[in-house]
Amino acid sequence: MSPMSLLLLLMVLINSLASCNAQLSPTFYSQTCSNATTTIRTIIRRAISAERRMAASLIRLHFHDCFVQGCDASVLLDDAPGIDSEKNSQANANSARGFNVIEDAKRSVESFCPGIVSCADILAQAAMDSSAMVGGPSWTVKYGRRDSTTASRTLANTNLPGAFSTLPTLISSFAAQGLNQREMVVLSGAHTLGQARCLLFRARIYNATNIDAGFASTRRRQCPVTGGNANLAPLDLVTPNSFDNNYFKNLIQLKGLLPSDQVLFNGGSADSVVTAFSNSPSTFASEFAAAMIKMGDISPLTGQNGIIRRVCNAIN
């Protein structure tokens, strides 16, 4: 074989190896840190047992990570020279939570596998474990993400949909991440868990016309016309701490809490999808799991890209 042929063969092998390194895998840590997943799961379950609401917060944290720079744990970084923390963005300030749980999981894994398991992978597993812990679906988590050395508050303010987003805005926000309308609706079903601040639903319960009158009246008790901005109400009034399809049933009854919830069932293109999920808990569960796997594949840092942070809120 000529030197040129050998060189070409070597280049092919290198490219092939790089391609393999870029693939996420359920067995990524099987040889390097085989106890990682069980250790992370123990921490997540303990946190949710102490506070049921934490399940919603951890699922949301993974979502807010992946929509900004991809699934790279950028959402966990604090302000530092050269880093404008995404924690202070419009969608995260006074809202995103669960950072301490991820740090606890990271600290535990670091104690026996230092420098091996990324914060981005911990976020991905935490979302799945949270769902399973409160009666929702589980799925096969793929690992191999690495952590970013940057964050972007600007992208967080741009990419993360808000409580007042219209249906076209939601569709375009998810499409920008490679997720279609049906996947957008099923992922919105995570609002079967969690709570929202009065500040975000006050306009709806006092001014909206597409709202059940009794539901609006009930929510006004916790959310006065003025004041009480931080007062909380469950996104799903029926089973706020269990993962089920009541969120979609609520929308059909005009009992969506946030404006961005009710736009999913308001005479538009998403109505039929909401109806489908309201009629079939199993369809919702299976499609939610599939969409979470797809979301976890958004632009991960792999191979030699990124780093493995020693702590999740700062660069090593």
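I looked up F248 and F284 and found both buried (under 20% relative accessible area with a 1.4 Å probe, protein chains only; exposed is over 50%, partly exposed in between). I note that this is a predicted model, in which local features need pLDDT of at least 70 and side-chain atom pairs count only at pLDDT 80 or more, while totals for chains, interfaces and linings use all residues. Residues are numbered from 1 along each chain as its sequence is written, and side-chain values use heavy atoms, with hydrogens and water left out.

**Aromatic rings**

I counted rings of Phe, Tyr and Trp (its six-membered ring) as paired if their centres lie within 6.5 Å, with planes under 30 degrees apart taken as stacked, over 60 as edge-to-face and the rest as tilted. The ring centres of F248 and F284 are 5.0 Å apart with their planes at 80°, so I recorded the pair as edge-to-face. This pair links distant parts of the chain, F248 being in helix α11 (residues 246-252) and F284 in helix α14 (residues 281-295), 36 residues apart. Helices are DSSP runs of H or I of at least four residues, and strands are runs of E of at least two, numbered from the N terminus. F277 and F284 form a tilted pair, at 6.0 Å centre to centre and 55° between the planes. I also traced a cluster in which ring pairs link W139, F243, Y247, F248, F277, F284 and F288.

I checked the length of α5 (residues 119-133): at 1.5 Å a residue its 15 residues should span 21 Å, and the end C-alpha atoms are 20 Å apart, which agrees. The expected span is 1.5 Å times one less than the number of residues. Of the 15 residues of α5, 13 are buried. S118, in the loop between α4 (99-112) and α5, counts as buried at 0% relative accessibility. Leaving aside neighbours within four places in sequence, I found S118 in contact (heavy atoms within 4.5 Å) with Y29, R145, R146, D147 and I308.

**Disulfides**

I searched the whole structure for cysteine sulfur atoms within 2.5 Å and found four disulfides. C119 and C312 are joined with their sulfur atoms 2.1 Å apart, and the link is left-handed, with -95° about the S-S bond. C119 is in helix α5 and C312 in the segment after α14, 193 residues apart. The link of C66 and C71 is right-handed at 115°.
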